[in-house]
Amino acid sequence: SQSKAYACKLLENPLNDAGLALANSAQNGDATSLADTYTTFATTYEEASKKITNKEIKESVDQVAAGWRAAADNSGVLKADPMSMDVQKLEEYQKIMEDLNAKQTELFDKCEFKH
C-alpha cells in the first residue's frame, strides 16, 4: 500500500500552484475570482485524491476538497451589498471556512507541511 509520505508528496506541487492562484486572487480583491480560486483548490485536491491510495491521507484530502467546494458554492454572500447582506448566510459561510481551515490544518499536520 502507498506510504503516508508518498501520498503527501503527491499534494506538494498542486498545492503550490493553487497557493499562487489564491495569492493572485487576494491581490485583486475580487469576490468572483475568489469563488473561482476556491473551485481551483477543490479541483486540485480532487485530482490529487485520484492518485492517493493511502486511506488516512485520501480521507483527509477528500474532506478538504469538499470544504473548498462548499466555500466556492457559498462565497457569493461576500458579493452582496453590506447593507442587505444575509447575516445567516454569512454565518454559514464563516462556519464553512472554519471547518475547512480545521480540516486543512489536520491534513497539513498529518503530512508535516508548514502552515
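1. A nonpolar core is a set of buried Ala, Val, Leu, Ile, Met, Phe, Trp, Tyr and Cys residues joined through side-chain atoms within 4.5 Å. Keep that in mind for what follows. Note too that this is a predicted model.

2. The largest nonpolar core here has 27 residues. Five of them touch the most other members: L11, Y45, I57, W68 and L107. Helix 3 supplies the largest share, seven residues. As background, nonpolar side chains in soluble globular proteins tend to be buried together.

3. Look next at L107. What does L107 touch, leaving out residues up to four places away in sequence? The list is L11, Y45, I57, S60, V61 and V64. Find L107 in the structure and check these contacts one by one.

4. Now the cysteines. The model has one disulfide. C8 is joined to C111, with an S to S distance of 1.9 Å. The cut-off for a disulfide is 2.5 Å between the sulfur atoms, so this pair qualifies. C8 sits in helix 1 and C111 in helix 4. The link therefore connects distant parts of the chain, 103 residues apart.

5. Which hand does the disulfide of C8 and C111 have? The torsion about its S-S bond is about -80 degrees, so the disulfide is left-handed. Buried means under 20% relative accessible area. C8 is at 4%, so C8 is buried. C111 is at 10% and counts as buried as well.

6. Turn to the aromatic rings. Two numbers describe a pair of aromatic rings: the distance of the centres and the angle of the planes. The whole structure holds three aromatic pairs. One of them is Y38 with W68: the centres lie 5.2 Å apart and the planes meet at 50 degrees, so this pair is tilted. Y38 belongs to helix 2 and W68 to helix 3, so the pair ties together parts 30 residues apart in sequence.

7. Y38, F41 and W68 form one aromatic cluster. Y38 is buried, at 6% relative accessibility. F41 is buried, with a relative accessible area of 6%. W68 is buried, with a value of 6%. W68 is also among the core residues that touch the most other members.

How values were computed: Residues numbered from 1 in each chain as written. Predicted model: local features only at pLDDT ≥ 70, side-chain atom pairs only at ≥ 80, totals over all residues. Heavy atoms only, no water. Buried < 20%, exposed > 50% of the residue type's maximum accessible area, 1.4 Å probe, protein only. Helix = DSSP H or I, 4+ residues; strand = E, 2+ residues; numbered from the N terminus. Contact = heavy atoms within 4.5 Å. Phe/Tyr/Trp six-rings, centres within 6.5 Å; stacked < 30°, edge-to-face > 60°.
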